[in-house]
Amino acid sequence: MWLWNKIKQLAISFKAGVVTLRYPFEPRPAPEGFRGQPLWDHAKCIGCAGCASHCPARTIFLRDICQELRILLYDSSRCTYCGRCADLCPEKAITMSDRFELATDNRQDITQTIELFMMTCQRCGRCYDLEIKNYIDRLSALGYRYDCLEARKVIRRSTAEFSPDELEKTVTYERPGRLEK
Amino acid sequence: MSRAEKLRRWLEKELGGNLISAETPFPGRLFIDLKREALTAAASGLMNQGARYQMGIGYDARKDGRGFGLVHTFAFDRDSLLVALRTFAPGDNPEFDSLTPFIPGAGWSEREYQDLLGLKFRNLSDRKRLVLSDDWPEGIYPLRREVPHDLMPPAAEEVAFRLEEAPPGTSIIPFGPFHASLHEPAHFSVYVDGEDIKGCEYRGFMTHRGIEKLAQTELTYNDVPFVAERICGICGSVHAVNYAQAVEAAAGISIPRRAEFIRMVALELERLHSHLLWLGVAGHLIGFDTVFMQAWRIREKIMWLAERLTGNRKTYGLVIIGGVRRDINRESSRDIRSTLEEVDREMQALEKAILKDRTIHRRTRGVGYLSKEETVKWNLVGPVARARGLKIDARRDHPYAAYDEVEFEVPVADSGDVWGTLVVRVKEVYEAIKIINQCLDRLEKLSKNEPLAVELEGPIPAGRQGLSLVEAPRGEAVHFVLTGNENRPERWRVRAPTYPNLQAVPSMLLNNKLADFPIIVGQIDPCISCTDRVLVVENRSGKARLLSRQELENISRAKRSGR
């Protein structure tokens with residue numbers, strides 16, 4: 001009985017053979033529908049901040065560095081690749097690519113930054129995209145209320161003219177960590 | 001008369017003026033508000049009527065002027081009924097009666113809120129810290145509202161958990177926090193007399209991540225599923241579905257049929273993958289690596305299937321409140337069927353080859369025995385309980401999604417040892433395959449135009465309670481949601497199946513050989529990160545700084561040389 005079981009086990013093992021893949025020596029493409037690194041299409045993005053306010057991991061930041069320039073920063077180091085940004089983007093500017101080999105020793109390799117030129121609202125002075133109106137409203141219909149307090153704080157930050165300081169702060173942005181005791 | 005109605009009448013009679021309200025907002029749940037004095041009477045009454053204790057939930061309701069809330073939940077498995085007893089204590093005197101004298105399994109919940117909320121419990125025998133780290137300062141209770149979610153008190157040197165002295169005649173063998181037989185950090189201080197285990201003390205909660213606090217301070221309703229599924233590396237969908245069900249129940253949202261079946265497919269795929277993973281790990285722990293290799297080889301097919309279906313090797317990112325995000329169309333349904341056929345065939349071959357093997361029998365029979373009475377006493381769940389003759393399964397007893405429409409068996413063994421657990425788990429693999437095939441049949445019949453998720457009309461009303469069960473591969477997982485303002489839950493409590501199961505491990509270890517320690521702990525498939533989920537400091541927040549390689553080297557060297 002004991003021997004018979006061992007023979008069966010041997011048979012299974014031999015039948016399966018070596019299953020180790022030759023990866024990374026042979027490429028192993030991801031299947032269709034895989035959610036890899038999100039990619040932003042610069043031409044389509046309207047700077048509505050929908051992705052920033054719905055990102056569960058809070059890896060997408062938007063900031064106006066001057067009146068007409070809005071910066072979108074995607075910090076991939078903490079991204080969970082849930083694809084929520086791509087779902088909610090009203091312009092379908094975000095695609096979940098099949099890139100998964102993202103290990104790097106330089107954070108900039110996986111960070112994406114987009115500079116967006118925005119128009120200025122003559123009434124309130126804030127930026128918006130002139131061509132297409134009311135996207136914030138359309139966006140809130142897709143998901144939940146526009147309520148990420150942190151993202152909102154970041155978006156509202158705006159100066160009258162180009163400020164190198166704000167650009168610097170955006171690029172080296174750190175989330176508020178420890179509160180004062 | 002239904003059980004809920006009976007219970008309500010009984011409570012009215014028994015408690016009189018101490019009963020504030022008893023509501024059934026949706027079938028299968030009974031939410032009871034009590035005065036603090038009546039908690040013991042009500043809880044012991046429920047236990048006498050055959051309830052199974054699930055968990056305690058503490059929360060800070062001082063904002064509404066109600067002090068601290070404490071909810072204890074109970075399950076009546078035969079009547080598909082969950083009962084939640086809620087009491088409040090004033091903020092300046094948060095003292096409750098402990099339930100531990102008659103429900104030992106309530107000890108962890110109570111110690112948890114002693115740590116996190118500063119609640120006090122009369123007659124609680126073990127008052128040691130459970131959740132918080134040893135150098136966490138006294139008097140800061142992280143789940144309280146005024147404590148920010150990212151508070152990082154300075155680390156204290158030379159503070160250690162005070163482990164008990166070994167009983168006379170025994171000596172201590174420490175297992176963990178990092179040990180070859182434990183896959184996640186936990187500390188067992190095992191008392192041995194020669195080779196025999198005479199007792200053990202557990203110190204865990206070392207991977208405490210603060211997810212519940214995060215959900216009630218930072219995240220929004222629809223962010224939480226994506227964080228919830230990262231509570232556990234194995235039962236991701238379980239927690240996401242469970243949370244979504246709790247919110248949907250609280251808000252009265254009913255989700256499309258199609259979404260229910262897709263959720264079930266995801267849950268059962270996870271069960272398949274988890275059982276095969278456990279089988280491999282169990283084989284590895286008893287030194288039978290053929291099982292490990294072959295079970296994991298079969299499991300890999302399921303991981304690839306999940307990758308094709310959901311876009312991630314784990315079934316992550318599938319669930320949102322109100323439904324699911326991805327469809328299973330005819331093509332992927334064919335894909336699932338052919339993969340499952342293969343898995344079924346290979347699993348049967350593997351089962352035949354190993355289940356009669358003497359190696360397994362000698363290492364598992366009679367090991368980690370726990371009697372049925374003890375199992376009931378510690379409120380064990382899942383395959384661990386089913387291996388001890390307890391026929392409980394949330395899928396059958398408290399049907400969620402569409403489990404009441406599919407046919408499946410609940411395998412039970414009565415040997416009460418590791419062997420029973422193994423048999424139950426192997427049998428459940430086939431049941432899971434059966435369920436998935438039935439779900440696919442249904443999905444193919446449903447109209448394709450049905451939406452995958454419902455649109456939400458207006459905000460989710462605040463102050464409602466939702467309680468949801470999902471049978472995770474390891475046992476039943478319970479989620480409690482109290483809806484709040486600001487588009488986020490006021491309180492979200494997760495009880496993973498390991499939480500009750502781990503509490504009974506000391507009893508299972510008793511009088512076994514030390515060499516069997518790994519498999520006895522391994523039989524409950526301890527998911528330490530599920531159990532430790534709740535709170536403390538959020539390390540991932542802001543202060544991450546890029547270190548150059550040189551800096552890192554310098555730091556490590558400084559640490560090593562004690563500078």
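Biologist: Which charged end sits over the ring of B:Tyr499?

Modeller: A charge sits over a ring if NZ of Lys or CZ of Arg is within 6 Å of the ring centre and within 35 degrees of the ring normal. Here B:Arg493 has its charged end over the B:Tyr499 ring, 5.1 Å from the centre. This is a predicted model, where local features need pLDDT of at least 70, side-chain atom pairs count only at pLDDT 80 or more, and totals for chains, interfaces and linings use all residues. Residues are numbered from 1 along each chain as its sequence is written, chains are lettered from A and ligands numbered from 1 in the order written, and side-chain values use heavy atoms, without hydrogens and water.

Biologist: How many aromatic pairs are there over all chains?

Modeller: Rings of Phe, Tyr and Trp (its six-membered ring) pair if their centres lie within 6.5 Å; planes under 30 degrees apart are stacked, over 60 edge-to-face, the rest tilted. The count over all chains is 18 aromatic pairs. One of them, B:Trp108 with B:Tyr499, is edge-to-face, at 5.4 Å between centres and 80° between planes.

Biologist: Are B:Trp108 and B:Tyr499 buried or exposed?

Modeller: Buried means under 20% relative accessible area, exposed over 50%, partly exposed in between (1.4 Å probe, protein chains only). Both B:Trp108 and B:Tyr499 are buried. Ring pairs also link these two into a cluster with B:Phe175, B:Phe188, B:Tyr202, B:Phe205 and B:Phe517.
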